[in-house]
There are 2 protein chains.
Amino acid sequence: MREPNEMPGHLARRFQQIAVAVFLAEIEDAGFDLTPVQYAALATIKANPAIDQITLAGQIAYDRTTITGVVDRLVQKGLVLRQTSSRDRRARELTITDAGRTTLRRITPAVEAAQQTMLRGLTETEAAELMRLLRKAIAAGNELSRAPLRENAG
Amino acid sequence: MREPNEMPGHLARRFQQIAVAVFLAEIEDAGFDLTPVQYAALATIKANPAIDQITLAGQIAYDRTTITGVVDRLVQKGLVLRQTSSRDRRARELTITDAGRTTLRRITPAVEAAQQTMLRGLTETEAAELMRLLRKAIAAGNELSRAPLRENAG
DNA sequence: CGTTATTGATCAGCATACTGATCATCAGTA
DNA sequence: TACTGATGATCAGTATGCTGATCAATAACG
């Protein structure tokens, strides 16, 4: 086989593995208990009041079946409210609670620190270039996963 | 919050998500049923006959508790043999079977195709640069995850 | 209006990944 | 040799992430 270090798939797994570990460590140091996925969902719900779960999933590229469990846990922690929509009784409207807002505000420094830490081996220029290349590769492959990004309503 | 597209952690998750989807699709098209993780383990066992599970985990940066299930499935598929070591009865010696060797050989083109596909939005130069930057970031963060890379015996 | 298709959500089942614990075995030392 | 610590493997429990199915509700159409 090719060297693992020569395989983009292997590098993708390793980088993601480190990114998650760094995120969890920073959040725990800050005294909170929130996963990367839960954070992204919470921030997106705050920015889009009364968003339904499918739209939420599309905005952050989650699988629709994964979102159910993630929201379950956010609700259970009291950070999010889930209510059946009155306009479409199939849909669940998600709203951030005061506790959710407080948590989000308090963990922001830890989240930012984590983003720095996971790139600590790179110069500023290299970090920017890595992000540009990741965005470009992701854009080209967006439709290849079951959970593509869906920018807006449409 | 920052734009998700400005957060390296989010980009890492998305790129890995696409990489796995592409890998699985290519392997299935080739008529096989093997995950990225199972592939990496199988290839490493072939290259290191009688390797124990801890060393295997270190070579490809798996968590030690994850490796148990992965090897379980490789054994169940008849691709790998797991035997208690005679020199150290705590350890399990892993060996690739003929079926495992055949599978590895046959899926190699699909694996290579997957590596191409997940970078299809990038030029050759960009792809090489992305991999260089990932390797550099990973090297700097290696010790931050519970499952760091352990190059060799030691 | 009634039939059909689509959509939002959930579920069962499986495969990574991790935390932390346990167990058997081995190595080092008094 | 007996004790202590380290090591290889596994397990229980939890959280993503997926496939494919199901169910209720809505939309689209004749």
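Which residues does B:Ala61 touch, not counting residues up to four places away in sequence? The residues are A:Arg13, A:Arg14, A:Gln17, B:Ala147, B:Pro148 and B:Leu149, where contact means heavy atoms within 4.5 Å. The legends below set this residue in its surroundings.

The structure is a predicted model, in which local features need pLDDT of at least 70 and side-chain atom pairs count only at pLDDT 80 or more, while totals for chains, interfaces and linings use all residues. Residues are numbered from 1 along each chain as its sequence is written, chains are lettered from A and ligands numbered from 1 in the order in which they are written, and side-chain values use heavy atoms, with hydrogens and water left out.

**View 1. B:Ala61 in the loop between H3 and H4 of chain B.** Helices (H or I, at least four residues) and strands (E, at least two) are DSSP runs, numbered from the N terminus. B:Ala61 follows H3(B) and has a positive phi, near 60°. With a relative accessible area of 0%, B:Ala61 is buried; buried means under 20% relative accessible area, exposed over 50%, and partly exposed in between (1.4 Å probe, protein chains only). B:Arg150 is 89 residues away from B:Ala61 in sequence, yet the two are 7.1 Å apart in space, C-alpha to C-alpha.

**View 2. Helix H3 (residues 53–60) of chain B and its buried residues.** The buried residues of this helix are B:Gln53, B:Leu56, B:Ala57, B:Gly58 and B:Ile60. They pack against H1 of chain A and, within chain B, against H2, helix H4 (64–76), strand S1 (80–84) and strand S2 (92–96). The N-terminal end of H3(B) is capped by B:Asp52, which has a side-chain oxygen 3.3 Å from the backbone nitrogen of B:Ile54.

**View 3. The interface between chain B and chain A.** In this interface 53 residues of chain B are in contact with 53 residues of chain A. The size of an interface is often given as the accessible area lost when the parts come together. Here the two chains bury about 5,200 Å² between them, 67% of it on carbon and sulfur atoms; buried area is the accessible area (1.4 Å probe) that two parts lose on being put together, summed over both. Between chain B and chain A there are 22 residue pairs in polar contact (both at pLDDT 80 or more). A polar contact is a pair of N or O atoms within 3.5 Å; within protein, one must be able to donate a hydrogen and the other to accept it, and residues adjacent in sequence count only if both atoms are side-chain atoms. On the side of chain B that touches chain A, two or more residues come from each of helix H1 (8–29), helix H2 (36–47), helix H5 (98–117) and helix H6 (124–141) of chain B. H1(B) gives the largest share, 14 residues.

**View 4. The relation between the two copies.** The same surface serves both copies, since 100% of the contact residues of chain B recur in chain A. Of the residues of chain B, B:Leu130 comes closest to the rotation axis, at 3.0 Å (C-alpha).

**View 5. A salt bridge between A:Arg2 and B:Glu112.** A salt bridge is a side-chain nitrogen of Lys or Arg within 4 Å of a carboxyl oxygen of Asp or Glu. The side chains of A:Arg2 and B:Glu112 meet at 2.7 Å, N to O. This pair crosses from the segment before helix H1 (8–29) of chain A to helix H5 of chain B. A:Arg2 is partly exposed at 27% relative accessibility, and B:Glu112 is partly exposed with a relative accessible area of 27%. A salt bridge also joins A:Glu112 and B:Arg2 (2.8 Å, N to O).

**View 6. A salt bridge between A:Arg132 and B:Glu126.** The two side chains meet at 3.2 Å, N to O. The pair links helix H6 (residues 124–141) of chain A with helix H6 of chain B. A:Arg132 is partly exposed at 35% relative accessibility, whereas B:Glu126 is buried at 12%.

Definitions and conventions: Copies are superposed by least squares on the C-alpha atoms of residues with pLDDT of at least 70 in both.
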